[in-house]
Amino acid sequence: MDNSPATAATATEKADLFRKLSTDSVLILPNAWDAASAAVIAAAGASAIATTSGGVSWSLGRGDGQHLTRDEMLQTARRIVNTVDVPVTVDVEGGYGPTPEDVAQTVRAVAKAGAVGVNLEDSQAVGGPLFDLADQTTRLRAAREAAASAGLPGLFVNARTDVFLFAIGPSSGRLTEVIRRTAAYAESGADGIFVPGLLDLDALATLCAESPLPVNAMAVAGGPTVAELTQAGVRRISLGTALAQTAYTAARKAAEELLTAGTYEALADSLDFGELNTLFHP
């Protein structure tokens with residue numbers, strides 16, 4: 001792996017590959033939160049890496065919920081891009097500002113860092129409210145135009161809507177609202193639609209049948225399997241903060257065992273030091 005910043009040609013090639021992965025098959029995206037987690041995920045066989053803003057926030061001592069700065073997000077994204085060979089898409093939360101120019105500045109910076117995709121959400125804050133449709137479509141158009149102006153027109157814009165995640169509006173009307181937003185986001189240049197909080201297979205099947213964009217679902221423990229989500233028509237499956245939660249849970253369990261029982265059984269199945277160390281440049 002080359003630890004220098006990605007060249008424009010390399011970014012273009014990765015953008016083309018990511019777009020192909022996103023449209024020609026079901027894309028499974030385990031979410032990373034730093035360079036080490038990205039390297040481990042890539043070594044496990046992932047064809048692309050997605051970041052999780054929650055995991056990145058925790059790794060920097062922040063709570064999730066649009067508390068990162070643009071520069072903090074970019075520093076992490078750049079480290080990940082320079083550590084793995086596979087395409088990287090970045091969770092940019094709400095774009096690090098409410099205006100179309102805020103979004104454009106973020107997208108240009110992500111492209112410069114060598115990443116080839118973004119997740120852009122339509123919530124103004126945790127729990128809502130959402131940007132109204134006109135404002136969010138303007139923000140999405142700004143993202144699309146910024147990618148082109150940055151020399152990466154193929155950058156994949158995954159539009160996230162938080163209608164289900166934050167239970168916006170009456171439950172009976174949420175699917176209709178998501179379908180309405182999906183159509184508008186597609187017209188504004190989005191390449192995919194991400195609907196965290198929606199795992200009802202019948203509703204997903206309806207959305208997938210009516211959506212002009214490939215649908216991204218966020219899988220959870222105890223929820224539908226990859227096979228079930230695929231059968232419903234989902235084309236992209238990610239985990240959000242779940243892998244980071246699992247890693248931190250393992251660390252806490254090992255620490256608790258050490259501090260209470262004075263034993264180390266929780267360490268028994270750890271990755272070998274040498275195996276981990278060879279994933280990185282000196």
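Strands here are DSSP E runs of at least two residues, helices are H or I runs of at least four, and both are numbered from the N terminus; two strands pair if DSSP finds at least two bridges between them.

A quick word on the ground rules. Residues are numbered from 1 along each chain as its sequence is written, and side-chain values use heavy atoms, leaving out hydrogens and water. Since the model is predicted, local features need pLDDT of at least 70 and side-chain atom pairs count only at pLDDT 80 or more, while totals for chains, interfaces and linings use all residues.

**Strand β4 and its partners**

- Strand β4 (residues 88–91) is covered on both faces, with V88 and V90 buried on one side and T89 and D91 buried on the other. Buried means under 20% relative accessible area, exposed means over 50%, and partly exposed is in between (1.4 Å probe, protein chains only).
- Strand β3 (residues 49–51) pairs with β4 in the parallel sense over 2 bridges. I49 has V88 as its bridge partner in β4, and A50 has T89.
- β4 also pairs with strand β5 (residues 117–121), again in the parallel sense, over 3 bridges. Here V90 is bridged to V118 of β5.
- To get from β4 to β5 the chain goes through helix α5 (residues 100–112), in a right-handed β-α-β crossover. Right-handed means that, with the strands pointing away from the viewer, the path from the first strand over the helix to the second runs clockwise.

**Helix α6 and its neighbours**

- Helix α6 (residues 133–149) packs with α5 at an angle of about 35°, their axes 8 Å apart. Axes are lines fitted to C-alpha atoms, for helices over the stretch in contact, and angles run from 0 to 180 degrees between N-to-C directions.
- α5 passes α6 in a right-handed crossing, meaning the near helix is turned clockwise from the far one by less than a right angle (left-handed if anticlockwise).
- P100, V103, A104, V107 and R108 are the α5 residues that meet α6, where T138, R139, A142, A143, A146, A147 and S149 take part. Contact means heavy atoms within 4.5 Å.
- That α5–α6 contact divides into 8 nonpolar, 2 polar and 2 charged residues. Ala, Val, Leu, Ile, Met, Phe, Trp, Tyr, Cys and Pro count as nonpolar, Asp, Glu, Lys and Arg as charged, and the others, Gly among them, as polar.
- α6 also packs with α7 at about 35°, with axes 9 Å apart, and this crossing is right-handed. L133, Q136, T137 and L140 of α6 make the contact with R180, R181, A184 and Y185 of α7.

**Two residues to look up**

- R181 sits in helix α7 (residues 174–187) and is buried, at a relative accessible area of 5%. Leaving aside residues up to four places away in sequence, R181 touches D122, L130, F131, D132, L133, T161 and V163.
- P153 is in the loop between α6 and β6 and is exposed, at 56% relative accessible area.
- P153 and V116 are 37 residues apart in sequence but 9.6 Å apart in space, C-alpha to C-alpha.
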